[in-house]
Amino acid sequence: MPSVFSHLRSSFGRRILLLFALCIVVPGAVFSYLSLRQVEEKFHQETMRRMRLQSREIGMSIHGGFSSINTEVEFLAGMLGDQTTPDFHRSPDWGWLFHDRPLLGATRFHDGSRAETLFGNPCPSPPQTDAARTHLASGHGLLYLQQNPGGTPRFFLAHAIRGKAPERELLVCEVNPDYLWERVRNAVPPVTEVAVLSPDGAPLFQTQPMPAGVLGRVELERRKGPAGNFEWGQGSGTLLVDLAAVFLKPAFLSDDWIVVVSQPRSEAFAVAKRFTRVLFLSISLVVLSAGLFAHVQIRRSVAPLIVLKEGTRRISGGDFDSRVEIGSGDEFEELGHSFNAMADHLGREFRIQAELIEELAQNDLGTLTALARTVDTNSPWTAGHSERVTALAMDLGRELGLPPDEIDLLHRGGLLHDIGKVGVPPSILDKPGKLTEEEFAVIKKHPSKGAEILEPIPNLQKVIPIVLQHHERFDGKGYPSGLSGEDISLHARILALADVADALVSDRPYRPGWSREKVLAYTRENAGQQFDPEVVEAFFRIEAWRSGNATAETAITGRLLETAIRA
């Protein structure tokens, strides 16, 4: 069963997929990236704007709290200056007027030195400066702080008693910080932290302790102006920070306080993250849908090409009866019909050509056999020698695992290996005695002469090394070139053993044929010297198999040996 993605093995399919990616995926990715960048930038701006409004709202809440407290102090100062209630100021129950109210205590100062505690803890006198006296004389409240080492600072609000000069009669009240900070807490939105800093940067109030690094950065930013914002930290721990001044000097002659609002970036951008996920899922769904559609169309287009490619492969392998089935209903189906018609035509032509080639091959081998017999009949002692050598060489080649085309090469080489002997006089071939050096030199020329005879024939060029080298020895002592080992063609090494085995078992004018045992012993003794050891082992395996005893390679009967060599 073909794989679902088998069409991606096609170059055409991969090109279509790449085109889909360039037209759909890449623009979608670029659009998503730009959209997310714009959304993130816009959301960042909106978040910082919202935090700026929050810090200002908290600052106004603090200012409003002090204004409300100032009204209380002004009311009390008015009562103290009212001449119609001369004994009110001596009452020991002043605290009932301010139970659960924004004041913790009140102190009346006479002539700038004598202090009279009306209720609560005693209050310190306000700063004795010209600016303070002028501000109090104008009927405004005066706000100042008293730092307590290791404790929370105390806030005081001074007001001139109605009808009295500030240096003569002055009312100082201690502000309840819980009242003030409760107003701040009510103004703080969720997942937001707030800190209120004194003019010198000391924390007066914090919903959560802020890192020292943030407070240090706030100090740098406030030097640049009354408001600012920045990001502190990195990764998931990044804080968005906004700061704004609480302007207290006009109304209370106090240096400005600083409101610091902070929020984790992850919390501030939670909505943006949800939007990112939704956008990503939406785009992924679009890409997936488009990809599925593209996959179907690519597969529909590529599948016929795969069928045609497979059909072409089968035909190239000789299966001319192969047919393709394409039912796409388009041009591919028409192409399939044309392919089948072409296969029919090629099949007919191939069978005709095969018959002609077979006929030519038979004629070619017949011609070579006739030529070999002509050479062998040059001497009555060598009749049938070339055909017997060829048969044994082909058996050795099969035993060594050579492919059919190389077996055919052995067939042709075996028939033609002694063709050079046509130039050797019969007097030398049939001489009963030992050859002279001059006569042996003539014999040694027949491999070169055979190669020279075959050289003009194009389709026998591969046979020439066999003819030229079949008298070379494995140890390099052969002729005509003195080649050794694997420098000698494997086909020539095979033919060398077959040639010698047949020559030794056959009668010659100068000696009778050897016994089978002697021939076997000779080939074994000369393995690695005259003959290739692997060829010798193949020869013995053949004879052992033919004798029916594969383990006793040397136990070969004379009849089987003669059959193997003389066949």
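Trainee: How many disulfides does a search of the whole structure find?

Mentor: This is a predicted model, in which local features need pLDDT of at least 70, side-chain atom pairs count only at pLDDT 80 or more, and totals for chains, interfaces and linings use all residues. Residues are numbered from 1 along each chain as its sequence is written, and side-chain values use heavy atoms, with hydrogens and water left out. A disulfide is a pair of cysteine sulfur atoms within 2.5 Å. By that criterion, the number of disulfides found in the whole structure is 0.

Trainee: How far away is the cysteine sulfur nearest to that of C123?

Mentor: C123 is in no disulfide, and its nearest cysteine sulfur belongs to C173. C123 counts as buried at 6% relative accessibility (buried is under 20% relative accessible area, exposed over 50%, partly exposed in between, with a 1.4 Å probe and protein chains only). C173 is buried too, at 0%. The distance from C123 to that nearest sulfur is 6.6 Å.

Trainee: Are the rings of F66 and W257 stacked or edge-to-face?

Mentor: The structure holds 9 aromatic pairs (rings of Phe, Tyr and Trp, the last by its six-membered ring, with centres within 6.5 Å; planes under 30 degrees apart are stacked, over 60 edge-to-face, the rest tilted). With centres 5.3 Å apart and planes at 80°, the F66 and W257 pair is edge-to-face.

Trainee: How many residues apart in sequence are the parts this pair of F66 and W257 ties together?

Mentor: Both F66 and W257 are buried, each with a relative accessible area of 0%. F66 belongs to helix α1 (residues 11–81) and W257 to strand β10 (residues 257–264), so the separation along the sequence is 191 residues.

Key
Helices (H or I, at least four residues) and strands (E, at least two) are DSSP runs, numbered from the N terminus.
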